[in-house]
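Reader: Please take me through this model. I will ask about its helices, rings and cores.

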Amino acid sequence: MSVFEAAAQQLHTVRDFLRFTVSQFQEAELFFGHGNDNAYDEAAYLILHTLHLPLDTLEPFLDARLLDTEKSLLLQLVQRRTSERIPVAYLTHQAWQGAYEFYVDERVIVPRSFIYELLGAPLHPWIEYDELVHRALDLCTGSGALAIQMADIYPDAIIDAVDISLDALEVAGMNIEDYGLEDRINLIHTDLFTGIDTTYDLIVSNPPYVDAESVAQLPEEYLHEPELALGSGIDGLDATRQIIQQAARYLNPKGVLLVEIGHNREVLKQAFPQLPFTWMPTSGGDGFVFLLTREQLLGEA
């Protein structure tokens with residue numbers, strides 16, 4: 001009898017399944033980087049989601065008994081998480097970026113950009129009023145998360161959301177429809193700026209930025225994400241170089257470019273020593289997202 005067959009027979013309550021799931025996650029030495037950072041939080045989330053319980057309310061349900069059908073479904077998910085190392089967001093088709101919820105599957109990376117923290121008030125030194133953003137661009141939109149957040153924070157803006165992946169744009173379209181933003185967000189299938197003929201007050205991008213050495217060492221969980229959305233050349237900066245070299249022509253006067261680059265700050269500074277990067281503070285530190293204005297990109301400021 002397998003451990004999962006034994007669990008189906010001997011475990012009965014939410015408390016039982018919480019303990020079992022944490023034990024399985026710990027034993028499997030899973031990597032947590034897609035919404036949770038430890039076995040307990042991920043186990044609690046998976047159980048609450050699967051049982052259709054409020055995600056912030058565990059205690060009142062700990063001694064509730066599960067139906068056989070609920071046990072079966074939950075054990076299937078725990079087994080897939082441990083044996084296939086599928087990120088939990090792909091098992092539940094649910095992810096958050098800040099307070100915003102999005103549908104995800106393996107056609108897109110799980111949203112986790114720091115850029116959403118910087119929209120609105122943190123940009124007021126450069127964009128004094130949110131109402132001044134009339135056109136904005138989200139390059140490499142993936143699930144559409146940043147485009148949706150921009151549409152919410154900049155109420156007068158029309159957003160273009162670009163991705164090279166048609167699969168990703170299908171997922172983005174689902175999320176845009178869920179938020180009722182079809183009239184304000186335009187999905188565009190292209191490679192970065194290719195074919196774009198509009199100028200913008202704000203351009204944001206969370207492009208692929210993992211260098212080749214790091215891609216080869218990624219935990220198995222990340223291998224379920226689209227490879228196209230992770231790696232970008234030997235040093236991880238192929239896409240970022242193109243964005244920096246082309247962005248000025250797509251920005252309006254005093255327009256702002258905001259790009260996330262992971263751990264590549266020093267490499268980027270060496271590649272563009274003439275540019276006065278502003279490194280924005282985020283919850284992860286101040287080395288992951290840079291800001292440049294149109295004038296800085298053109299050497300006019």
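The questions and answers below go through parts of the structure.

Author: This is a predicted model: local features need pLDDT of at least 70, side-chain atom pairs count only at pLDDT 80 or more, and totals for chains, interfaces and linings use all residues. Residues are numbered from 1 along each chain as its sequence is written, and side-chain values use heavy atoms, with hydrogens and water left out.

Reader: How far apart are the end C-alpha atoms of H2?

Author: Helices here are DSSP runs of H or I with at least four residues, and strands are E runs of at least two, numbered from the N terminus. The expected span of a helix is 1.5 Å times one less than its number of residues. H2 has 15 residues, so it should span 21 Å. The model agrees, with the end C-alpha atoms apart by 21 Å.

Reader: Which helices do the buried residues of H2 pack against?

Author: Buried means under 20% relative accessible area, exposed over 50%, and partly exposed in between (1.4 Å probe, protein chains only). The buried residues of H2 include Phe 17, Leu 18, Thr 21 and Phe 25. Contact means heavy atoms within 4.5 Å. The buried residues of H2 pack against H1 (3-10), H3 and H4.

Reader: Which residue takes a positive phi just after H2?

Author: Most residues other than glycine have a negative phi. The residue asked about sits in the loop between H2 (14-28) and H3 (39-50), and counts as exposed at 67% relative accessibility. Its phi is about 55°, and the residue is Glu 29.

Reader: Is Leu 192, with its positive phi, buried or exposed?

Author: Leu 192 has a phi near 50° and is not a glycine. Its place is in the loop between S5 (185-189) and S6 (200-205). Its relative accessibility is 7%, so Leu 192 counts as buried.

Reader: Which backbone oxygen does the side chain of Thr 82 reach?

Author: Thr 82 is found in H4 (residues 68-83) and counts as buried at 12% relative accessibility. Leaving out residues up to four places away in sequence, Thr 82 touches Phe 4, Gln 24, Phe 25, Ala 28 and Leu 30. A polar contact is a pair of N or O atoms within 3.5 Å; within protein, one must be able to donate a hydrogen and the other to accept it, and residues adjacent in sequence count only if both atoms are side-chain atoms. At 2.9 Å, the side chain of Thr 82 reaches the backbone oxygen of Val 78.

Reader: Which residue's side chain makes a polar contact with the side chain of His 34?

Author: His 34 lies in the loop between H2 and H3, and counts as buried at 7% relative accessibility. Beyond its neighbours within four places in sequence, His 34 has contacts including Pro 87, Val 110, Arg 112 and Tyr 222. The side-chain polar contact of His 34, at 3.3 Å, is with Glu 225.

Reader: Which residues have the most contacts inside the largest nonpolar core?

Author: A nonpolar core is a set of buried Ala, Val, Leu, Ile, Met, Phe, Trp, Tyr and Cys residues joined through side-chain atoms within 4.5 Å. The largest has 38 residues, and those with the most contacts inside it are Leu 18 and Phe 25.

Reader: Which helix gives the most to this core?

Author: H1, H2, H3, H4, H5 (88-92) and H7 each supply at least two residues of this core. With seven residues, the one that gives the most is H3.

Reader: How many aromatic pairs does a search of the whole structure find?

Author: Rings of Phe, Tyr and Trp (its six-membered ring) pair if their centres lie within 6.5 Å; planes under 30 degrees apart count as stacked, over 60 as edge-to-face and the rest as tilted. The whole structure holds this number of pairs: eleven.

Reader: What is the angle between the planes of Phe 102 and Tyr 179?

Author: These two rings form a tilted pair, 5.8 Å centre to centre. Phe 102 is in S2 (residues 100-102) and Tyr 179 in the loop between H7 (166-178) and S5, 77 residues apart. Phe 102 is buried at 1%, while Tyr 179 is partly exposed at 33%. The angle between the planes of Phe 102 and Tyr 179 is 40°.
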